[in-house]
Amino acid sequence: MSQSNLPRPLLGCIADDFTGATDLANMLVKSGMRTVQTIGVPPSAAPLQAAAIVVALKSRTIPATEAIAQSLAALAWLREQGCRQFFFKYCSTFDSTDAGNIGPVAEALLDALGEQPGFSIACPAFPENGRTVFRGHLFVGDALLNESGMQNHPLTPMRDANLVRVLQRQTRGKVGLLRYDTIAAGAAAVREAIAQLRADGVRLAIADALSDRDLHVLGEACADLPLVTGGSGIALGLPANFRRAGLLAERTDAAQLPRIEGYAAVLAGSASQATNAQVAAWSGVGMNSGTNSGTSSGTNSGPNSPPHARPSFRIDPLAVARGEAVVEQALAFARSHLPEPVLIYATATPDEVRSVQQALGVTEAGQLVEATLAAIARGLREMGVRKFVVAGGETSGAVVQALDVKSLQIGAQIDPGVPATATIDAEPLGLALKSGNFGAVDFFAKALRQLEGGAQ
């Protein structure tokens with residue numbers, strides 16, 4: 001088939017971090033859309049053979065002007081690919097500050113798509129992972145966002161659960177609300193409400209959602225919107241629109257991946273509650289146990305290890321800042337345990353994170369951890385590691401860039417929001433990129449088993 005006759009992508013997506021991109025791609029694959037994820041904006045406009053394309057940016061916490069520029073470049077490339085509708089994906093916990101970047105990027109995308117004043121919904125709900133929105137307030141499980149632990153996030157502390165207020169502080173245009181009683185009445189009622197909101201001058205509207213049914217209703221109601229914004233959950237309802245239009249065929253092989261040979265390792269940089277629990281489950285110790293405190297690194301394996309401990313090495317950012325050879329120590333540790341998978345982590349409790357930030361600065365501490373884990377990832381690849389499980393959005397971005405990954409084929413789900421992936425570049429790699437807040441306690445072991453399994 002000539003390139004001119006290849007099927008054109010239908011849905012073009014822009015994600016503000018790398019794990020969020022795979023989360024979204026996972027949702028689309030589950031709905032039967034063959035999906036490719038690119039790492040940044042590709043330099044070439046050569047057409048990709050996929051029903052959906054997700055461009056993964058690292059724009060969540062950079063200055064708003066830079067986030068807008070990167071997002072507009074991604075939009076221009078996706079339009080060249082021939083996409084019919086566009087999706088701006090951000091975290092299901094609405095991670096942002098009063099300066100952005102959700103509002104500024106959404107408004108810039110609306111402007112670029114030529115609709116004046118333009119309209120889109122904003123719905124971060126992901127009920128399968130406990131994120132729901134009611135009367136405009138975001139819940140994480142049974143807790144309001146600002147009482148869920150997200151108020152302690154080191155880069156984007158979320159201290160207001162009212163998303164209408166949060167988004168209004170970030171935008172020039174008027175922010176409204178699509179209430180749950182409207183969504184419960186069905187897609188036609190939502191379309192009528194959208195028409196009224198637009199007539200009232202609303203440009204972005206927070207949309208309530210308590211269940212997957214609500215997300216399907218919202219997706220159907222948004223079929224004619226050039227731009228949809230939200231967490232990955234809202235993508236559940238979009239593929240059916242293309243099927244109803246006769247543009248997307250049913251398929252059962254959307255999640256198929258090749259088998260990847262080589263060693264495996266886990267890298268964790270997130271300080272979220274979920275990742276703390278996953279590190280503790282792997283290491284066989286509690287994160288507050290004091291193990292390795294005051295040292296540049298350490299291992300929980302050995303004759304005095306808990307019976308279910310697996311090899312783990314803790315990165316101390318202060319030791320890195322002092323110039324100690326932490327990268328070399330971590331790689332020597334990994335080499336001594338291969339072919340057994342190892343965990344190398346900088347995950348810490350909120351108090352420990354605050355202590356490091358006070359010593360190094362918030363931005364500097366984060367960049368130091370990312371650069372350290374990126375260097376370790378390169379070293380692991382040199383010693384034959386080809387399967388990587390990575391925890392944390394910023395960490396995942398640093399690692400895939402360090403490994404020079406250009407694009408990923410999306411495979412089957414490991415845990416809600418996290419699929420297995422495989423590179424479609426020259427060097428085959430298997431990757432599981434996890435948002436810090438996602439995954440069961442045993443996620444690391446589960447992800448490794450799926451990556452070892454190969455084709456689904």
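Let's start with Phe94, which counts as buried at 0% relative accessibility; buried here means under 20% relative accessible area, exposed over 50% and partly exposed in between, with a 1.4 Å probe and protein chains only. Keep in mind that this is a predicted model, where local features need pLDDT of at least 70, side-chain atom pairs count only at pLDDT 80 or more, and totals for chains, interfaces and linings use all residues. Residues are numbered from 1 along each chain as its sequence is written, and side-chain values use heavy atoms, with hydrogens and water left out.

Phe94 sits in the loop between S4 and H3, and its phi is near 55°, a positive value in a residue other than glycine. (The H and S labels are DSSP runs numbered from the N terminus: helices are H or I with at least four residues, strands are E with at least two.) Asn101 is placed in the loop between strand S4 (85-89) and helix H3 (102-112), and a cis peptide bond with omega of about 20° joins Gly100 to Asn101.

For another positive phi, go to Arg135, where the value is about 50° although the residue is not a glycine. Arg135 lies in the loop between strand S6 (131-134) and strand S7 (137-140). How accessible is Arg135? At 35% relative accessibility, Arg135 counts as partly exposed.

Ile234 belongs to the loop between strand S11 (227-230) and helix H8 (239-244). With a relative accessible area of 0%, Ile234 is buried. Leaving out residues up to four places away in sequence, Ile234 touches Phe87, Ile121, Cys123, Ala125, Leu215, Leu218, Gly219 and Val228; contact means heavy atoms within 4.5 Å.

Now follow the chain to helix H11 (residues 326-337). H11 has 12 residues and reaches 17 Å from its first C-alpha to its last, close to the 16 Å expected at 1.5 Å a residue; that expected span is 1.5 Å times one less than the number of residues. Its buried residues are Val326, Val327, Ala330, Leu331, Phe333, Ala334 and His337. Seen down the axis of H11, they fall within an arc of 155°, so they line one face of the helix; the arc is that of the directions from the helix axis to the C-beta atoms. On the other side of H11, Arg335 and Ser336 are exposed.

What covers that buried face? The cover includes strand S13 (312-314), helix H10 (317-321), strand S14 (342-345) and helix H13 (362-382). The axes of H11 and H13 come within 10 Å and cross at roughly 40°; axes are lines fitted to C-alpha atoms, for helices over the stretch in contact, with angles from 0 to 180 degrees between N-to-C directions. H11 contributes Val327, Ala330, Leu331 and Ala334 to the contact, while H13 brings Thr372, Ala375, Ile376, Gly379 and Leu380. Past the helix, Pro339 is found in the loop between H11 and S14, and the peptide bond from Leu338 to Pro339 is cis, with omega near 10°.

Last stop: helix H14 (residues 393-402). Nine of its 10 residues are buried, so H14 is largely enclosed by the rest of the structure. Its buried residues pack against helix H1 (18-30), strand S2 (35-39), strand S12 (263-268), H13, strand S15 (385-391) and strand S18 (430-434). Just after H14, Asp404 takes a positive phi of about 60°.
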